[in-house]
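Q: I'm new to this one and would like to go through it slowly. Could you show me the structure before I start asking things?

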Amino acid sequence: VLRMVEWPGDDLQTGEVAVFVGPQYIISVRREAQHGFTEVRRRCEQEPELLRHGPAYVLYALMDTVVDRYLSVLDRITEESETLEERIFAGDTSRAQIEALYTLKRKLLVLDHATGPLLEVAGKLHGGRVPPICAGLQDYFRDVYDHLLRLKSSIDNLRDMVTTAASMNLSLITISDSEVTKRLAAYGALVAVPTMVAGIYGMNFRQMPELDWAWGYPASL
């Protein structure tokens, strides 16, 4: 069973393809996935020498196509991550940025859940006790396995980058709030002296300096 991950709109859409392989046949059943595998059929027809290996080569072509679609989704996530980082360092540290980073991390989790099981399956098709139907194509399945390993590593690295970007976003918000607090403290210090003068002259004692001075009120004001 191959997990499908597509990005038709604003969010990821997941589906699956169940593949049944026998000595003389291969059947794929697609569910909740928009894109079919017409290009896989065309690819197999254009490579008759490899197609002589039978259904195993079609299985490889299916797996390779699914992994390539994973990579295209990862490329879009990477571009979106870079855009968010540029916005953060440009000073846009709003709540929307945090929500976008969380959404991006959730997309990475969906992609990781799709690649994890396939990585284990691909490993069994090129090393150890390889199924007889796949004998002779170990190098091709190893290629799929290597792509999945790189994909897994890229997902982990990108997830760390998104986490770091979220922490940086919160740090910049804290720094901004600290600067605002410093400005307010400075304004408060400027107001402290006239507030003290007004407080003293508001006590209404009978004997106070400059009470009889003609310019006392405007000077205090």
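**Surface patches, cysteines and a loop**

Q: What kind of model is this, and how are residues numbered?
A: This is a predicted model, in which local features need pLDDT of at least 70, side-chain atom pairs count only at pLDDT 80 or more, and totals for chains, interfaces and linings use all residues. Residues are numbered from 1 along each chain as its sequence is written, and side-chain values use heavy atoms, with hydrogens and water left out.

Q: Ok, which residues gather in a patch of negative charge?
A: Asp75, Glu79, Glu82 and Glu86 do, on the surface. Patch members have over 30% relative accessible area and no salt bridge, with like charges joined within 9 Å and nonpolar side chains (Val, Leu, Ile, Met, Phe, Trp, Tyr) within 5 Å; a salt bridge would be a side-chain nitrogen of Lys or Arg within 4 Å of a carboxyl oxygen of Asp or Glu.

Q: And where does Glu79 lie?
A: Glu79 lies in helix α3, residues 55–89, where a helix is a DSSP run of H or I with at least four residues and a strand a run of E with at least two, numbered from the N terminus. Glu79 is exposed at 51% relative accessible area, given that exposed means over 50%, buried under 20% and partly exposed in between, with a 1.4 Å probe and protein chains only.

Q: Which residues form the nonpolar patch?
A: Val193, Met196, Ile200, Tyr201, Met203, Phe205 and Leu211 form it on the surface, and together they have about 670 Å² of accessible area, computed by the Shrake-Rupley method with a 1.4 Å probe and only the protein chains shown as cover. Among them, Ile200 lies in helix α5 (residues 138–201) and is partly exposed, at 38% relative accessibility.

Q: Switching topic, how many disulfides are there?
A: A search of the whole structure finds 0 disulfides, a disulfide being a pair of cysteine sulfur atoms within 2.5 Å. The closest cysteine sulfur to that of Cys44 is in Cys134, 14 Å away, so it is too far for a bond.

Q: Is Cys44 buried or exposed, and what about Cys134?
A: Cys44 is buried, at 6% relative accessibility, and Cys134 is buried too, with a relative accessible area of 2%.

Q: One last thing, what is phi of Glu32?
A: Phi of Glu32 is near 55°, which is a positive value in a residue other than glycine, and Glu32 is found in the loop between β3 (25–31) and α1 (38–45). Most residues other than glycine have a negative phi. Glu32 is also exposed, with a relative accessible area of 57%.

Terms used
Lys and Arg count as positive and Asp and Glu as negative; His and the chain ends are not counted. The place of a charge is taken as NZ of Lys, CZ of Arg, CG of Asp or CD of Glu.
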